[in-house]
Amino acid sequence: MAKTDTKAKGLDRHGLTDEQLRQIFRNMLLQRQLDNRGFQLNRQGKVPFALGSEGHEALQAGAAMAFNRGKDILAPYYRDLGLALGIGLTPYEIMLSIFARVDDHNGGRQFPNHYSSKAAGLMSFSSILAAHIPHAVGAAYAQKYRGETGRAVLVTCGDGTTSEGEWHESMNFAAIHKLPLVMLVENNEWAISTPLSKQMANPEIWKRAEGYGMPGKRFNGFDPIETYANVKEALDRARTGGGPTLLEGMCYRFLAHSTDDNDMTYRTKEIVAEARKHDPVPNFQAVLVDSGVMSDADVDAMKKDVLRETNEATDKAEAVPYPQASDLYTNLYEGAWQPWQ
Amino acid sequence: MATKSKTSGSASTLERRGLTDEQLVGILRTMLMHRRLEGRGFELNRQGKIPFASAGEGHEAVQAGAAMAFERGKDILVPYYRDLGLDIGIGLSPLEVLLSLFARVADHSGGRQFPHHYASKKLGLYSISSVLAAQLPHAVGAAYALKYRKETGRAVLATVGDGATSEGEWHESMNFAAIHKLPIVFLCENNEWAISTPLAKQMANPNIYERAEGYGMPGVQINGFDPIACYAAVKEAMDRARTGGGPTFIEAKCYRFLAHTTDDDDRTYRSREEVAERRKQDPVPTFERLLVEHGVLTAEGLEDLKRSVLAEANEATDRAESMPYPAPHDLYTNVYADSYQPWR
Amino acid sequence: MAVTAGSKVLNNVEAVRETLYEAMKSDDRTIILGEDVGARGNVFLITKDFINEFGPERVIDTPIAEASIVGIAVGMAMEGLRPIAEIQFADFIYPAFNQIVGEAAKTRYRSNGEYTCPLVIRTPYGGGVRGALSHSVSIEALFYHVPGLKIVAPAFPADVKGLLNAAIDDPDPVLFLEHKKTYRLIKGEVPEGHYTIPIGKANVIKEGRQLTVVSYGLYVHWALEAANQLENEGMSVEVIDLRSIRPMDRTTILNSVEKTRKLLIIHEDNKFGGIGAEISAMVAEEALFSLDAPIRRLAAPDVPAMGYAEPLEHEYMSSPAQMADAMRELVKF
């Protein structure tokens, strides 16, 4: 499927209000600003590691808009900054994670971008690809078991993760039990250095859905509204007993995998530049301006505000102390516990 | 890409698919021997002579048919533990089967493995564990070796039950085989039961072959009670694999007539009526009738065949039983290649 | 550094790279497979450009599927190839646990020698690199319980080459552990050409009279630093680099302990059930009455992993100063 520009198709709102459209755009701007901030801090020697989701902004902001806060559960992977923001995490929480400070949700234990927040319905996960997908299935089973209609689990992964055995096992189980789950694959065509053609013979991941006995659909993940509409439809089906859906949102990874990766060792500038032509952030900006949802002045004001918020979050998080050495020993088991010495 | 084959072997017609009379009788003999040896395992268990046996009654046709498509001395078979018919079909002798049941020292594994976990390097029969789907990556690795060494004319036949298709390694193996267009045929013997778990609890879409398209390989569903249809489907897929055409997934629909093993009581989870109903399609008498009705075999010839199968099974039983167990010190060999000093 | 004729100075990453390169050059049965080993040339650039020289059939960028990376390598090995499977980080090895423990380690045994599994699984492990919970772990204790498997964890570039060659030549599966903090930190002379160091032989890297220290991996270097410091204080400490974890060189350990009469085991992996537990038990069984002091272990605290934040990593790991303290205490006991 071609990744078409939203602009070219005019504005089909799919029920989104002006305010929601602006929220989606603000999320996209914030994602990009925070991603860049992580890379900047790394270059300044202030943090040892950062990774970015540039190219995933539209997909994540659109999907997050379909998430019902306080009801749904998000089981993300480590390239889901925009989803985390979109369901309620603050830039300050993001910066606490990047700086590994004591007030971070996991107390500075996890790698950056491995957010979790019980209050936000954001499940904790590790760096092991696909390992979180069975957890999402288990959470969906719990919702179904307790008869909690109106709730669903949104679980995400990259294209590479669909090769893991646990991905398959999870899809199969979700289908058998008709669980309230949406499996959203953010297909950015690259798994670190491995292109899609070495990841799978049939590049249409959504087509696997039929084999499992669930609906499958592919959509343009550079279009936040199309993403919203598809994720909303699937989540609504899940929330009302209609079972799971496999969605494949087509996007692209504009940056290297992380600050430790140099993508020019395995792909050319030209390929990336070509994909950049469809950059969803300026495209969606143009859509909103062209359709009168925002003026140029509104856009500028929003960008300034996003920068201000990012700067404030950075300064505030940097000022927070690290965890203490004694914090290494907490939360291994419930209650008082004496480590083996 | 996914296709369903029509049934080719009914009592009224005989579509040979290129099989000679001798091959057809060979298939029937494998089926009879399969049933006989498995029956023997259950008998020996009830007599208290062996602690365990399992059986693939209902799998005779698919296995004997598939084995006929296997080229001895060239192809590789990576089976699972319910593949007695395939194993004897590619050349394992009844004696070797009984040595496994009795866990004797002359068994290929030296009496280490559970019954029906055969291996024979000479036959191209890979060693397997009891962990489901764990053998599939090995089959893929072997197929990769064949392709890498440009050994066209060779292929790997890898089998699983329906339950094992739920394992992550099944998925990983299908995916890798498709990416590299490997010379491998995945044969799923769908008998509808994984111990006590019916297909409906194993997967939402019971047509497993429909998954093949998602991986980018052909998927075929066949009647696993029809040995000729199984032969034809496996032959076509193996031929494609042998000539650089890449992998195929075949789903053969059959049924497990007996309990999972001698340790299982299937009355706890399925009705006698269901089993009796499916027994009506029992592939062994069906294929016997087919060959007799079409003159491939006379009624007398069939009786001779059954007698010779029984005689061979009896002889193998007696011979295997008379052989010694491994010695206690055999526990320590073949941990590593060199003489190994166990930590003590 | 003066370089001996016929040698050159390499760091550990270069030693791995050179050994793999020579293995690929000398034997076309050698296949490298793993995540990002091809175009990217492995995340630490160990196999950079291999794919260009040896082709994508021999340098396989696999899908992200660790169970099958090892499992496919098992099948390749059973079919006569010499696969070298890479798990990108040791932390990602858990999905492959069954293929390593249940399959590779048992292939020879379960077929009574008919099928074998000459396979190398390489993986970078260990901390001190701000790798957090999922890029820092030590995995050796999870696997050293398993007969049929060999486990190697060299510390020095020359040992990396000699032991990796031995692992590649070995007829059985070898788990080859590379401490990622030593990758560029540790340099040393490496002989040219093909040579092997036997798997299962420890190395006395510093002789001493008053205390035996057994370690492996990164901590060998820190233990050596501490022992040298004690030397200046007039204390004589013997340092053994275990190099191989399974099989384990009981002879070298026992000979040393019988000489020094004191034993300190240092490792980065958790203390509970760690390698030190087996060494302690073995020495207690074999040489209890040679000991003049209780056996001591300095190892990671009983928590799942080191955290990302710097203080959490520091608290988890033992420093050369802590090692020196433990040595001093035991020498003076």
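**From a loop to the chain contacts**

C:Pro247 sits in the loop between β12 (244-246) and α10 (250-260) of chain C; helices (H or I, at least four residues) and strands (E, at least two) are DSSP runs, numbered from the N terminus. The peptide bond between C:Arg246 and C:Pro247 is cis, with omega about -5°. This is a predicted model, in which local features need pLDDT of at least 70 and side-chain atom pairs count only at pLDDT 80 or more, while totals for chains, interfaces and linings use all residues. Residues are numbered from 1 along each chain as its sequence is written, and chains are lettered from A and ligands numbered from 1 in the order in which they are written.

Most residues other than glycine have a negative phi, and most peptide bonds are trans. C:Asp49, in the loop between β2 (30-34) and α2 (50-54) of chain C, has a positive phi near 75°. C:Asp49 is partly exposed, with 14 other C-beta atoms within 10 Å. A residue is buried if 20 or more other C-beta atoms lie within 10 Å of its own, exposed if 12 or fewer, and partly exposed in between, with C-beta atoms placed from the backbone. A:Ile192 also is not a glycine and has a positive phi, about 45°. A:Ile192 belongs to the loop between β4 (190-191) and β5 (194-195) of chain A and is buried, with 22 other C-beta atoms within 10 Å.

Chain A has 12 helices and 7 strands. Its mean pLDDT (the predictor's confidence in each residue, from 0 to 100) is 94, and 97% of its residues reach 70 or more. Over residues 1-9 of chain A, pLDDT stays under 50. Where pLDDT is low, the predicted coordinates should not be read in detail. The radius of gyration of chain A is 20 Å, which agrees with the value near 20 Å for a compact globule of 341 residues; the radius is taken over C-alpha atoms, and the globule rule is 2.2 Å times the number of residues to the power 0.38. Of the 341 residues in chain A, 57% are buried.

In chain B, helix α9 (residues 227-242) has 16 residues and should span 22 Å at 1.5 Å a residue; its end C-alpha atoms are 21 Å apart, which agrees. The expected span is 1.5 Å times one less than the number of residues. Because 12 of its 16 residues are buried, α9(B) is largely enclosed by the rest of the structure. The buried residues include B:Pro227, B:Tyr231, B:Lys235 and B:Ala241. After α9(B) comes B:Gly244, with a positive phi near 85°.

Chain C is divided into domain 1 (8-191) and domain 2 (203-331), with bounds that come from an automatic or database domain assignment. Their C-alpha centres lie 26 Å apart. In the contact between them, 25 residues of domain 1 of chain C meet 24 residues of domain 2 of chain C; two residues are in contact if their C-beta atoms, placed from the backbone, lie within 7 Å. On the domain 1 side, β6(C) gives the most, with 3 residues.

Between chains, 34 residues from chain C and 32 residues from chain B form a contact. On the chain C side, α3(C) supplies the largest share, 9 residues. Chain A is in contact with chain C as well, through 35 residues of chain A and 34 residues of chain C.
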